[in-house]
Amino acid sequence: MPSNSSPRRAAVIGSNRIPFGKAGGAYANATNLDMLGAALSGLVARFQLQGERLGDVAGGAVLKHSRDFNMTREAVLGSALSPQTPAFDVQRACGTSLETVTAIANKIALGQIDSGIAAGVDSTSDAPIVVSDRLRRTLIKLSRAKTLPDRLKLVASIRPGDLAPVAPDVAEPRTGLSMGEHQALTTLKWKITREAQDEIALASHKNLAQAYEDGLFDDLITPYRGLVRDESLRSDTSAEKLAKLKPVFGKGLGEGVATMTAGNSTPLSDGAATVLLGTDEWAAERGLPVLAHVVDAEAAAVDFVRGEEGLLMGGAYAVPRLLHRNKLVLADFDFIEIHEAFASTVLTTTAAWADEKFMVSKVGLPPLGRLNPAVLNVAGSSLAAGHPFGATGARIVGTLATLLSRAKQSRPDGGPVRGLISVCAAGGQAVAMILEAA
Amino acid sequence: MSARREQILPEVPSLTSLYGQAVARSARLMVRRPGPIVARLPEIAYRVDDVRVDQSQLAAYQHLLGEAGTDTLPAGYVHVLGFPVAMAVMAREDFPLPLMGMVHVANHVEQRHPVHAQDVLTVRAWAQNLRAHRSGTQVDLVTEVGQADGLDVLWRGVSTYLAKGKPLKGLALVEAADGSRPAGGRDPEAPLPAVTANWKLGASTGRRYADVSGDRNPIHLTSLSAKLFGFSKAIAHGMYTASRALAAVGPARGDTFAWDVEFAKPVLLPGQVALNLTPTEGGTDYLGWDPRSGKVHFSGSVRPLP
């Protein structure tokens, strides 16, 4: 590649994931490594990568056991890929596998590697339970104690209360509020109605069910542990059923203002997803298709700790900056994927994009205008599919690349076919990405 | 102001033995009615030199309060370092108010320069400004922390305590000119702001702060020991709540700042505290309240030093 040209674009060649399970459901006994291995093996089989030495593999999980310090490399060693394929772990909360796609795509674009896999996984069923800090410190001292009296003294210092296990929760460490409680505050601030949220949830289930019917996932999913479809998908749900559910978040905010239910909030999930990336040449040499190219990506973060912005509003900053840099507007996109952490995240993010005062004063860019709902999450999103934190970005990239490729084939002489992704994440973060059909 | 004699203590006194002395003194006062108490503060300042930071206590403090694990002391930790010296002043036989019955009502800290974990420090503490208040007698305990070899005060804290009951005789009633709440106080009728954080405080909160601060006042430890002093349950240390609010403000506070808090209703343990942080011109205001009753526990601010 000539050194004075702009970097080449990484190609999305294909993807594979396992169906996403509900917490405590089909994958109750599967570990992160098990699921990542299953998704990776499916990808290797689908693209005949047995024995291939790939440039790099990036993966990650949000809730991770300390024994899984080298999880992705372990998954590679457990797969049919060449054992000479290196791998590394990444964590950016719910944006983890959008970040791994970015990392692998950037290495390809810079010419450092010509092929790679980006992946993500999470299990809420096999979440690490840890011992209390006091017990942990005592056990560490115990392992270093040299004499029996020293050891006995340490053992005697353990109190019954120290033995209580500590389970991870989804509360923000600095605020103690769960994501749902945070988003309830944002929902109230943007005056998002219950009906609008339920509409998003209903569309997610209908669109995902339709996508399965249309065979969209035939080449994107490998069944695992008896699951062939996402366990949270309810193709028979209805506006009436969703309207019956009681609010679960924001109940302390005042009479009748709580609107977020189990139906319009993402369920806790288990699952893994992978994406195969490479150069156009690498794909061509192996007779593999190129579905789309990674155009650009942007991460953003907001100050939610001091209440200056809603926890999950990062997408309201990442997307305008990304579009501005690429001189694009919302109308330039045939598909827009906004991760449904909650139905209201989609609504508050798009409301912010359209709000001139917000955009000018907070983002410092002109408003993006109204989003055309017909291009939003057309194959369903996290409300219906589930949301294993680390796997969601790779799920969306895999699905979107296929949608883009199909749209391009249906109008081959048209202009560029583009897709936009926005994924909000814990810590007030978000990751956004632009893909373009090849 | 009268000239204060300075007395050098060989080391930072132990809070546990000070509390022991204080409890014994309260008991003695109950048995043997003293003569008329003189409404005068001891004209003495205690000084301790060569004060060093216990690194493991600092780390435990930082972890418990949610402060970054840096080598710069959190302003609340400097308070912990100097508090026993101020306590020693209050535990003196000639201190006119009963230590065990006093309520911490407000605290003002000026972090004038950063204090580092390796600094060898000098702590000075004295009492001043004894004054009558609507519901008793108030006094300010001033603590100054500086580098042992320097004259500059790095950190200065003023803790205001109230001894409830009839004001001591011969003191002027010091109140705001219009008789309203003190400057910086919050209108109790104002609506509560949005929640920015929610603290779930377990029954052991007081014991855990006692572990890192050394402040084992029985009202904070167990509900049984708190009952002896008229509380229905153990209450959180006021400085624990204020220091957590300071930690929540985070690096936005800068290296030097003024940190104020006024304590209202005590936080009963176990319990929850809703916290609001509101960025202001150059600083942050904070408010903590009971999310169930809406009653305010504390309010305060972190501002740049003037």
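Two strands are taken to pair if DSSP finds at least two bridges between them. In this predicted model, strand β1 (residues 5–9) of chain B meets that condition with strand β2 (residues 44–51) of chain B: five bridges join the two, and the strands run parallel. Within this pairing, B:Leu9 has B:Val48 of β2(B) as its bridge partner. B:Val48 also has a bridge partner in β4(B), namely B:Val123. The strands concerned, β2(B) and strand β4 (residues 121–133) of chain B, are paired in the antiparallel sense over four bridges.

Chain B as a whole contains six helices and 11 strands. Of its 306 residues, 50% are buried. Among the contacts in chain B with a separation of 6 or more, 72% are between residues 24 or more positions apart. A network of salt bridges in chain B links B:Glu6, B:Arg47, B:Asp49, B:Arg124, B:Glu144 and B:Arg156.

B:His79 is placed in helix α3 (residues 75–90) of chain B. This residue, B:His79, counts as buried because its relative accessibility is 9%, and the cut-off for buried is under 20%. Leaving aside residues up to four places away in sequence, B:His79 touches B:Asn107, B:Trp155, B:Ser159 and B:Met239.

In chain A, strand β1 (residues 11–17) is largely enclosed by the rest of the structure, because seven of its seven residues are buried. β1(A) pairs with strand β8 (residues 269–278) of chain A in the antiparallel sense, over six bridges. One of the positions involved is A:Gly14, whose bridge partner in β8(A) is A:Leu276. β1(A) is also joined by two bridges to strand β9 (residues 292–301) of chain A, again running antiparallel. Here A:His293 in β9(A) is the bridge partner of A:Ala11.

Over all chains, 30 salt bridges were counted. One of them joins the side chains of A:Asp198 and A:Arg194, at 3.0 Å from N to O. Both residues, A:Asp198 and A:Arg194, belong to helix α7 (residues 194–213) of chain A and lie four residues apart, about one turn of the helix. A:Asp198 counts as buried, with 8% relative accessibility, and A:Arg194 is buried as well, with a relative accessible area of 15%.

A salt bridge is also formed by A:Glu436 and A:Arg418, with their closest N and O atoms 3.8 Å apart. This pair links distant parts of the chain, since A:Glu436 is in strand β12 (residues 429–437) of chain A and A:Arg418 is in strand β11 (residues 418–425) of chain A, 18 residues apart. A:Glu436 and A:Arg418 are both buried. A further salt bridge connects A:Asp236 with A:Lys241, where the closest N and O atoms are 3.8 Å apart. A:Lys241 has 43% relative accessibility and therefore counts as partly exposed.

The contact between the two chains involves 10 residues from chain A and 12 residues from chain B. The size of an interface is often given as the accessible area lost when the parts come together. Between chain A and chain B the buried area is about 1,000 Å², and carbon and sulfur atoms give 50% of that area. On the side of chain A that touches chain B, the residues divide into three nonpolar, four polar and three charged. Zero salt bridges were counted between chain A and chain B. Three residue pairs are in polar contact between chain A and chain B, with both residues at pLDDT 80 or more.

Definitions and conventions:
Residues numbered from 1 in each chain as written. Chains lettered and ligands numbered in written order. Predicted model: local features only at pLDDT ≥ 70, side-chain atom pairs only at ≥ 80, totals over all residues. Heavy atoms only, no water. Contact = heavy atoms within 4.5 Å. Buried area = accessible area lost by both parts, 1.4 Å probe. Salt bridge = Lys/Arg side-chain N within 4 Å of Asp/Glu carboxyl O. Polar contact = N/O pair within 3.5 Å; in protein donor to acceptor, adjacent residues only side chain to side chain. Nonpolar A, V, L, I, M, F, W, Y, C, P; charged D, E, K, R; others polar. Buried < 20%, exposed > 50% of the residue type's maximum accessible area, 1.4 Å probe, protein only.
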